[in-house]
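Work through these exercises with the model open beside you. Try each task before you read its solution.

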Amino acid sequence: MTSAPDLPRATDLLRELLGDRLLAPADAGYPDAVRLWNGAPAATPALVARVGDAGEVAHAVRVAGRCHVPLSVRAGGHDWAGRALRDGGLVLDLTALRRVDLDPGTGEVTVGGGATAADVLAALRPYDRVVATGVVRAVGLAGLTLAGGYGPLCGRFGLALDNLIGAEVVLADGRRVTADATHEPELYWALRGGGGNFGVVTALRYRTHPLAAALAGMLLFPPDQAAAVLRGYGEEVRRAPDELTVMAGFLPGPAGEPVVFLAPVFTGADEAAGRAAVDRLRALGTPLVDQVAPLPYEDVLRMFDGGMADGNHYLLRTRWLPRVDEPVVAALTAAAGAVTSPFSAIALHHFHGAAARVGVGETAFGLRADHLLAEIIAVWAPGGDPAPHRAWAEHTSAALAPHALPGGYPNLLAPEETDRVRLAYGPNWDRLRRAKRRYDPRGVFSAVPTLPPAGPPAPRAGQGRPDPREHPAGR
């Protein structure tokens, strides 16, 4: 039987450590501390601990364990399902852990667990160096990395997790450990794709890459050219070199109507090859907007600033597509024509090149073949009826399902999609569960993706089942 949380005792112990950096619902700073990018989740944590370093994280984890208070972790606050907030629990707020330190000799950068992509890129810009990121600057780099990290540098440098050299982690018992190729190698393996299910990551060490600028930008096409543009896009990405990664999909146009977008990012040294690649994309239709130019990488990500406003309500669905063929084009164009909100969008993330050359067993990430990640983003204003928008996202996901690969990107799967989480990890599933039992035997951490709670010894291969009762909460 699980002991009841002793919140008064936990409050007293944490108050001794943190003073007014421990927040309860009645405190003035509490609303800001529990505000997420997605305004839909409505969990009310009992306490928020605004920790300032790894020592305070470790202390807070031990207090939570001693007092039987459930934990969640908030870093960037961009988890769409709201798992950064656990109802009635303790939130470890890492937003003060944003230090970024570059070692010019090795080219490695150490990043605090609360740092965003914007924090890291701004610190690296004077050195003309970059890390592999997602496409949104405000996203926390730790949460992005732990489950994958698709982004504009995927083809050239791999996923964000492929560039993770090591991490400092506070485990469920409060121990602080280093995880890298020689220290806790199994934890290091699990962290690269297994999400925040194994501890609180307080610092990460990344490989950086020299990159002064990329040829990048946005091409927007009218809705009546959607099918032709997407067909051509499917052909172009199949033969794209590592240096070219291209997003595509539908964004809200000036009047709220969905317009087709292509967002190429070319990072090669051959400028003529980059211009030729963009010209081929441009020729797929007649662009309404044609803004492609050499840009610092930090400014490449600025293209998506403000595209998804904080505080709106979001529901995401995801599919892994092996290619953009005629049935996929038909499903995507139909979805754009049936969109229920002027804020909703669809994005195709391009996985290829360096990311596809990593062995499937080298990290916990379960899909290493070339593919497109389809991100279906239903958005509506606060106070609106979610039903039609949810139905649109579900219908679009179902329409793509017959043409999709098993599973899906764990960072975007819904909490109830436990069967798809298992499929997403493929041959890595059993090993990931063993790592979970080793490093978090009491199931303290239950972040994205949903892993079954710790229990009896692992079943034989093929017999393990995800537990749909698990309540994910975390980064």
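**Exercise 1.** What should the 12 residues of helix H9 (residues 271-282) span at 1.5 Å a residue, and how far apart are its end C-alpha atoms?

*Solution.* Start with the ground rules. This is a predicted model, in which local features need pLDDT of at least 70, side-chain atom pairs count only at pLDDT 80 or more, and totals for chains, interfaces and linings use all residues. Residues are numbered from 1 along each chain as its sequence is written, and side-chain values use heavy atoms, with hydrogens and water left out.

Step 1. Helices (H or I, at least four residues) and strands (E, at least two) are DSSP runs, numbered from the N terminus. The expected span of a helix is 1.5 Å times one less than its number of residues.
Step 2. For the 12 residues of H9, that gives 16 Å.
Step 3. The end C-alpha atoms of H9 are 16 Å apart, so the two values agree.

**Exercise 2.** Find the buried residues of H9 and say where they sit around the axis.

*Solution.* Step 1. Apply the cut-offs: buried means under 20% relative accessible area, exposed over 50%, and partly exposed in between (1.4 Å probe, protein chains only).
Step 1. In H9, Gly274, Ala277, Val278 and Leu281 are buried.
Step 2. Viewed down the axis of H9, these residues fall within an arc of 95 degrees, so they line one face of the helix. The arc is that of the directions from the helix axis to the C-beta atoms.
Step 3. Recall the general rule. An α-helix has 3.6 residues a turn, so residues three or four places apart point the same way.
Step 4. Look for the partners. Contact means heavy atoms within 4.5 Å. The buried residues of H9 pack against strands E12 (214-221), E13 (244-252), E14 (258-266) and E15 (289-295), and against helix H8 (226-238).

**Exercise 3.** Which residues of helix H1 are buried, and which are exposed on the other side?

*Solution.* Step 1. Ala10, Leu13, Leu14 and Leu18 are buried in H1. They cover an arc of only 120 degrees around the axis, which puts them on the same side of H1.
Step 1. Pro8 and Glu16 are exposed on the other side of H1.
Step 2. The cover over the buried residues of H1 includes helix H3 (54-66) and strands E1 (22-23), E2 (47-50) and E4 (90-93).

**Exercise 4.** Describe how H1 packs with H3.

*Solution.* Step 1. Their axes come within 10 Å and cross at roughly 170 degrees. That makes H1 roughly antiparallel to H3. Angles under 35 degrees count as roughly parallel, over 145 as roughly antiparallel, 65 to 115 as roughly perpendicular and the rest as oblique. Axes are lines fitted to C-alpha atoms, for helices over the stretch in contact, and angles run from 0 to 180 degrees between N-to-C directions.
Step 1. From H1, Ala10, Leu13, Leu14, Leu17 and Leu18 meet Glu56, His59, Ala60, Val63 and Arg66 in H3.
Step 2. Sorted by class, the contact of H1 with H3 has 7 nonpolar, 1 polar and 2 charged residues. Here Ala, Val, Leu, Ile, Met, Phe, Trp, Tyr, Cys and Pro count as nonpolar, Asp, Glu, Lys and Arg as charged, and the others, Gly among them, as polar.

**Exercise 5.** Where does His68 lie, and what is its phi?

*Solution.* Step 1. His68 is in the loop between H3 and strand E3 (71-74).
Step 1. The phi of His68 is near 60 degrees, a positive value in a residue other than glycine.
Step 2. Most residues other than glycine have a negative phi.
Step 3. At 39% relative accessibility, His68 counts as partly exposed.
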